[in-house]
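This briefing looks at how two parts of one chain meet. Please have the sequence and the structure open while reading.

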Amino acid sequence: MRRPLADAWYCVGRATDFAGNALRAVELDGEQMVVGRDAAGALFALRDRCPHRGMALSKGRFDGAALTCPFHGWRFGTDGRCRDVPTLSSADAADFSRIAVQRFPVLESAGFAWVNPHLGPRGGAEPPALPALDFEPAGCLVVALEVEASFDLTTLSLVDPGHVAFVHDSWWFRPSKELREKVKRFAPTPHGFTMTSHATTKSSPVYRLLGGAPEVEIEFRLPGVRLERIRAGARRVANYTFATPMSHDRTLLTNALYWSMPALNLLKPLARPLMRQFLTQDQQVLQHAQKGLDRKPTMVLFGQSDLPSQWYFRLKREALQAAREGRPFRNPLQPQELRWRS
Ligand code: FES
Ligand SMILES: [Fe+2]
C-alpha cells in the first residue's frame with residue numbers, strides 16, 4: 001500500500017522533450033528508462049540497461065531506428081530486440097535475436113509523455129485514464145520540480161484543501177489571510193472524484209484575471225493527477241498537476257497551465273516564476289513533513305478537510321484489490337458535501 005500503483009500511467013516529461021534523435025534518461029518508480037522518439041514519430045521507452053554489461057543505453061547513439069550501446073556497440077531496435085552485435089565474427093554461431101531489453105508502454109496525451117512501469121501481466125483491458133485537454137490552448141506554461149518525499153505524501157497535497165491557507169499564502173494567490181468556511185460538493189468519477197464550484201469575485205487574483213465569476217472544476221484521478229478546469233464564458237484555463245514517483249523517496253511534481261486566450265501569452269514570463277514559487281512552497285513543506293514521517297510513518301487524518309486524503313487511500317486500496325482479483329476498478333466513493341475552513 002505504501003508503494004505507488006504499479007500498473008498505472010505516469011507523466012515522464014513534455015512530449016516536445018522527446019524530439020530528433022535525442023535519448024533521455026528517465027527515472028520512474030525505481031526503474032531507469034531511456035525514452036525517445038523514432039523517425040516515424042512514435043515514442044518508445046526501454047530499460048536503460050544494456051544486457052551485455054549493464055551500460056546505460058541513454059548514453060549511446062540513436063539514429064531514429066536503433067540505439068547503439070556506447071560500450072561495445074550492440075544495437076537494439078526501439079522494440080528492445082537486439083539487432084546487431086558488431087563484435088561477432090563469422091565463427092560465432094550465437095543468435096543475438098533472443099537478446100532483448102525490457103520495453104515499457106508509452107503514450108502521448110495533453111502534450112505529455114506517459115509511461116506505465118508495470119512488469120508482468122496487466123490487469124483488465126481498461127483503457128488508460130490519461131488526462132486530455134478539451135480545448136485548443138493558445139499557450140502553455142510548464143514547471144516541474146523534484147520533491148524529496150514519497151509519492152503518497154506528495155500526491156496527498158493535490159487533494160488537501162487544508163494546507164492552502166498556510167503554505168500557499170502569497171499575495172497574488174491568496175490576498176486575504178482570513179480562514180473562511182467553505183462548502184464544496186464532491187462526486188465520484190471513473191478513477192477518482194471531482195469538486196465543482198463557482199469562484200466568487202473575491203477569490204484569488206488569478207481567477208479575477210479571467211473576468212466574471214469563473215466556474216471551477218477540480219478532478220483528482222489515480223494514480224496522482226489533479227486536473228483543474230476553469231471556464232469563464234468562452235475563456236478556458238486548465239491547470240494540471242501530475243505526480244510521478246521517481247524512487248521511493250523522490251517524486252516529480254509537474255504543473256502545466258494551458259489557456260485559450262492568446263493575450264495571456266504576454267504574461268508567460270511573469271507567470272513562470274510565480275508558478276515555480278507555488279510549487280516550491282509545496283516542495284519545502286513536503287520535504288520537512290517527510291522527515292517527520294521517516295521517524296514515525298503514521299498520519300492522523302482528521303475532520304472533513306482530510307476526507308479527500310482518506311478517499312485517496314480508499315481509491316488506491318480498491319485499485320490494488322481490483323488488480324489482485326483481475327477485475328475492473330469500482331469506485332468506492334459516494335457523492336458528498338464537505339465543509340471546512342480555508
Ligand atoms: S555493455 Fe552494451 S555493448 Fe557491452
Ligand atoms: Fe500545494
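The model is predicted. The chain is assigned two domains, with domain 1 covering 10–115 and domain 2 covering 139–341. Their C-alpha centres are 34 Å apart, and the contact involves ten residues of domain 1 and 16 residues of domain 2.

**Buried area**

- The size of an interface is often stated as the accessible area that is lost when the parts come together.
- Between domain 1 and domain 2, about 1000 Å² is buried, and carbon and sulfur atoms account for 65% of this area.
- On the domain 1 side, 48% of the area buried against domain 2 comes from Tyr10, Glu27 and Phe112, which is more than any other three residues supply.

**Polar and charged pairs**

- One salt bridge is found across the interface of domain 1 and domain 2.
- A salt bridge joins the side chains of Glu27 and Arg250, with an N to O distance of 2.7 Å.
- Six residue pairs are in polar contact between domain 1 and domain 2, counting pairs with both residues at pLDDT 80 or more.

**The domain 1 side**

- Three strands, β1 (10–14), β2 (24–28) and β11 (112–115), each give two or more residues to the side of domain 1 that touches domain 2.
- The most residues on this side come from β1, which gives three.
- Sorted by class, the side of domain 1 that touches domain 2 contains six nonpolar residues, one polar residue and three charged residues.

Methods: Residues are numbered from 1 along each chain as its sequence is written. Chains are lettered from A and ligands numbered from 1 in the order in which they are written. This is a predicted model: local features need pLDDT of at least 70, side-chain atom pairs count only at pLDDT 80 or more; totals for chains, interfaces and linings use all residues. Side-chain values use heavy atoms; hydrogens and water are left out. Domain bounds come from an automatic or database domain assignment. Contact means heavy atoms within 4.5 Å. Buried area is the accessible area (1.4 Å probe) that two parts lose on being put together, summed over both. A salt bridge is a side-chain nitrogen of Lys or Arg within 4 Å of a carboxyl oxygen of Asp or Glu. A polar contact is a pair of N or O atoms within 3.5 Å; within protein, one must be able to donate a hydrogen and the other to accept it, and residues adjacent in sequence count only if both atoms are side-chain atoms. Helices (H or I, at least four residues) and strands (E, at least two) are DSSP runs, numbered from the N terminus. Ala, Val, Leu, Ile, Met, Phe, Trp, Tyr, Cys and Pro count as nonpolar, Asp, Glu, Lys and Arg as charged, and the others, Gly among them, as polar.
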